[in-house]
Structures are given as structure tokens and as C-alpha cells.
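Have the model open in your viewer and a selection tool ready.

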Amino acid sequence: YRVIVDGVELEVDFQHRWTRPVSNPPPKQTGCLIFLSADRRLLGFGTANCSASDQFCRATGRKLALTRAVAELPKHVRAAIWEGYWRATRGVCEPS
């Protein structure tokens, strides 16, 4: 989804990844990228790893990854990104 903050368009992208438990990597992972739409410069990145013993939930992974991605951004930017997240996911129920 896209959010405009202080006249600048930001893009937030989520990626869900499944890996085979070959060694020690988490079997399921959600990543969140926050970047400027104009030049694709990365502003924030966060991940959420799902334990092999946990039930994978896309919504939980997105929230945790987004929390980690916005952690270093100014408060008003974090608030705008979260508002965009809630607007983009309102009424959305995804199966795991």
C-alpha cells in the first residue's frame, strides 16, 4: 500500500516466505519493506519469523514485521504508516 507523509509518497510492501527446514532457518517468515516510491530508497525493514511449532498467520506476521520496520522512523511517520495499514486491511480476512 502507499501512504503520503509530508508530501512524500511512501510504499509499504509485505513478503511471505516459506523455507524448507534444511538447517536452522525459520520455516515461515514475513518481511516488511518501507521505501520512497519515487526512487525506491529503503527507509525501513522488519521481519517476523514463525516457529515450526506455531500456526502461521499472515496478519500476525505483517503486524510484527511492520512494527519492526517503523521502529526507527519519526512518530508522525509511524502513525501515518499504521493508519494506512489499518485502512488497507480493513475487513480483510486471509486464510493462513
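Start by selecting helix α2, residues 75-89, which lies across β1, β2 and β3 and runs at about 150° to β1. Helices (H or I, at least four residues) and strands (E, at least two) are DSSP runs, numbered from the N terminus. Axes are lines fitted to C-alpha atoms, for helices over the stretch in contact, and angles run from 0 to 180 degrees between N-to-C directions. A word on the source: this is a predicted model, where local features need pLDDT of at least 70, side-chain atom pairs count only at pLDDT 80 or more, and totals for chains, interfaces and linings use all residues. Residues are numbered from 1 along each chain as its sequence is written, and side-chain values use heavy atoms, with hydrogens and water left out.

Next, show the strands. Four of them form an open antiparallel sheet in the order β1-β2-β3-β4, where two strands pair if DSSP finds at least two bridges between them. β1 (2-5) and β4 (42-50) stand at the edges with a single partner strand each, so one side of each has no neighbour in the sheet. From one strand to the next, the twist averages 20°.

Zoom in on β1 and β2 (residues 8-18), an antiparallel pair joined by four bridges. Here Val5 stands opposite Val8 in β2.

Now move to β3 and β4, which pair in the antiparallel sense over eight bridges. Select Thr30 and you will find Ala48 of β4 opposite. In the hairpin of these strands, with five residues between them, look for Arg40, which takes a positive phi near 60°.

Helix α1 is the next stop. Colour Gly61, Arg62, Ala65, Leu66, Ala69 and Val70, the buried residues of α1; buried means under 20% relative accessible area (1.4 Å probe, protein chains only). Seen down the axis, they fall within an arc of 145°, so they line one face of α1; the arc is that of the directions from the helix axis to the C-beta atoms.

Finish inside, with the largest nonpolar core, which has 19 residues. Such a core is a set of buried Ala, Val, Leu, Ile, Met, Phe, Trp, Tyr and Cys residues joined through side-chain atoms within 4.5 Å. α2 gives the most to this core, with five residues. Select Ile34, one of the residues with the most contacts inside the core. Beyond four places in sequence, its contacts (heavy atoms within 4.5 Å) include Val12, Leu66, Val70 and Ile81.

Technical notes:
Buried means under 20% relative accessible area, exposed over 50%, partly exposed in between (1.4 Å probe, protein chains only).
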